[in-house]
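I set out below what I looked up in this structure, entry by entry.

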Amino acid sequence: MAPRELQHKRDRDEAREPFDAVVVGAGFGGLGAALTLAERGARVCVLETLTYAGGCASTFRRGGYRFEAGATLFSGFDDGQLFARWIRDHRLDVVTETLDPTVELRAPGVAFDVPSDRDAFVTKLATLPGAPEAGIRAFFAEQATVADVLWEVLDDPSLLPPFTPAMLARHALRANRYVPLARLVGRPALDVLKAHGVDSFPPLRTLLDAVAQITIQCPLAEAEAPFALATMDYYFRGTRHVRGGIGILANALVTAIRNLGGEVRFATAVRRIERSAGVYRVETRRGVVTSTHVVANVLPAALSHLLAPHDAAAAHDALAPIARDVDRGWGACMLYLVVAPPNGEGRAPRHLEIVQDPSRPFVEGNHLFCSISGEDDVGRAPPGLRTMTVSTHVSLAKLRALAAGDAVNPSERNTATADFIAGVQATMRRGLEAFAEPWLYGKTFEMTASPRTFARFTGRPHGAVGGIPRRVGLHAYARLGPVEPRPGLFLVGDSVFPGQSTLATALGGVKVGEQIARRLGGRASRR
């Protein structure tokens, strides 16, 4: 298109009636907000930098294979839960399967397969050799009390903030159910294990530390107890494998948004967001989009960089504390492999939790989450081969410190950061060789990914993953609702409550979509 024609097109686009909402980023928080708004008749436009949807929970293509970018196992697919409702209501072409075992823990002296049924899981743990059976059953009885209350809130988004008087009345009726949670506020989850005498039983302690690290991003000794106890049910609350990869669900949601009249534009990077006279002007590499509301499915620091200077200054007090909390979290170091299944391997996908040394922190390759595609994951790899995504956490603070040293000595052939990442990936390979060696005999492809690479695959600055660690303390409850740093501008994603998982991120998007729809009322542009 000639420059003059391109300018005319931009002028026409900007002159059109503003959208009711522009969503920046097609991760699950952005998709949840966009679909909720489109369901209510709002005119919505999603702008995504990448050529595919899903963000951290996406499926990307490299070398003719399709890999899960990061997240690989997902909850929310039981009847009545959010993803199940979307699949049913929008007739999404998405197939999920329950795995049994859901995951397989592998550590020195520990080989424990986690059944898909919670009661079977507790019984299996309690009857292991040397298990403190009474303590295990008592611990999981208390844990179930907490998990039931908090998972019910996720299953019924109307119980999540922001609260209307009717919602507060519903919570008042449930007040007695919150008493067990109140006793645990401000306490580390490890205290609860100690109270039941089960903190030193290796299979249980190793498994729960691993679950805490991948869900709320910190070990039991650091984790705020109510959050940690709830996420211990992660494998039993509608947890499924999405056949073909989570990108299948993300793409299906894009189709649903479009079917409802919404727009989704890929390869459309946002360069600047500016508010003037109550309307947001969103500049992209393909022109300008205007809207009365913006939903930013990005990290808080990324949003600050997108905002015009006066908007960034006005949003600073809301965004800066969240950005600091994110910076205390983790980046992802990855291995992406293509392997041939060992002899006798079944058709089902596999998910392995590997811990090389339970006495060391569950980061930097010592703890791996390894997901292997199934025979029925058509399109992931050629027949007879499987794709494998292997991930571990690395400290963002440590990466920043290394990068600062590299900047002082830029002439060094191998930077400290590169050496550190190479060491982490070597540790990851040793973990696979020790606990998943048969899968490596038929390896045909390997691609490494540092946090910087992960940032390219997902659009996440610095490769940050998992949102804000839910470490012990009252600060964990400081932001229990949508974040609106500027009028009509909302932040969604795993750095915003409820966050921490694909399901929770999507629910956060739903709540923001509902809030915008209420404000629009009869002013929403109807299809």
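How much space lies in the second largest pocket? I read about 640 Å³. I worked on a predicted model, in which local features need pLDDT of at least 70 and side-chain atom pairs count only at pLDDT 80 or more, while totals for chains, interfaces and linings use all residues. I number residues from 1 along each chain as its sequence is written, and side-chain values use heavy atoms, with hydrogens and water left out.

For the terms, I use a 1 Å grid over the protein atoms alone: a pocket is an open set of points with protein on both sides within 12 Å along at least five of seven lines, a cavity is a set where a 1.4 Å probe fits but cannot get out, and lining residues have an atom within 4 Å of a point. Volume is the space filled by probe spheres set on the points, which are joined across faces, edges and corners.

I found 24 lining residues, of which L399, A403, P451, R452 and H462 are the closest to the pocket centre. Helix 14 (396–408) is among the elements that give two or more residues, and its five residues are the largest share. Helices here are DSSP runs (H or I, at least four residues) and strands likewise (E, at least two), numbered from the N terminus. By class I noted 14 nonpolar, five polar and five charged residues.

**Cavities.** I counted three cavities of 30 Å³ or more. The largest cavity holds about 70 Å³, and P482, F497, P498, G508 and K511 are the closest to its centre among 16 lining residues. Helix 17 supplies six of the lining residues, the largest share.

**Nonpolar cores.** I define a core as buried Ala, Val, Leu, Ile, Met, Phe, Trp, Tyr and Cys residues joined through side-chain atoms within 4.5 Å, with buried meaning under 20% relative accessible area (1.4 Å probe, protein chains only). The largest core has 53 residues, and F28, F83, W86, L92 and L249 have the most contacts inside it. Apart from it lies another core of 50 residues, including L319 and V496.

**Strand 16.** I asked which residues cover each face of strand 16. H367, F369 and S371 lie on one side and L368, C370 and I372 on the other, all buried. Strand 15 (residues 350–355) pairs with strand 16 in the antiparallel sense over six bridges, where pairing requires at least two DSSP bridges; V355 stands opposite H367. Four bridges join strand 16 to strand 17 (residues 386–395), also antiparallel, and F369 stands opposite S391.

Key. Ala, Val, Leu, Ile, Met, Phe, Trp, Tyr, Cys and Pro count as nonpolar, Asp, Glu, Lys and Arg as charged, and the others, Gly among them, as polar.
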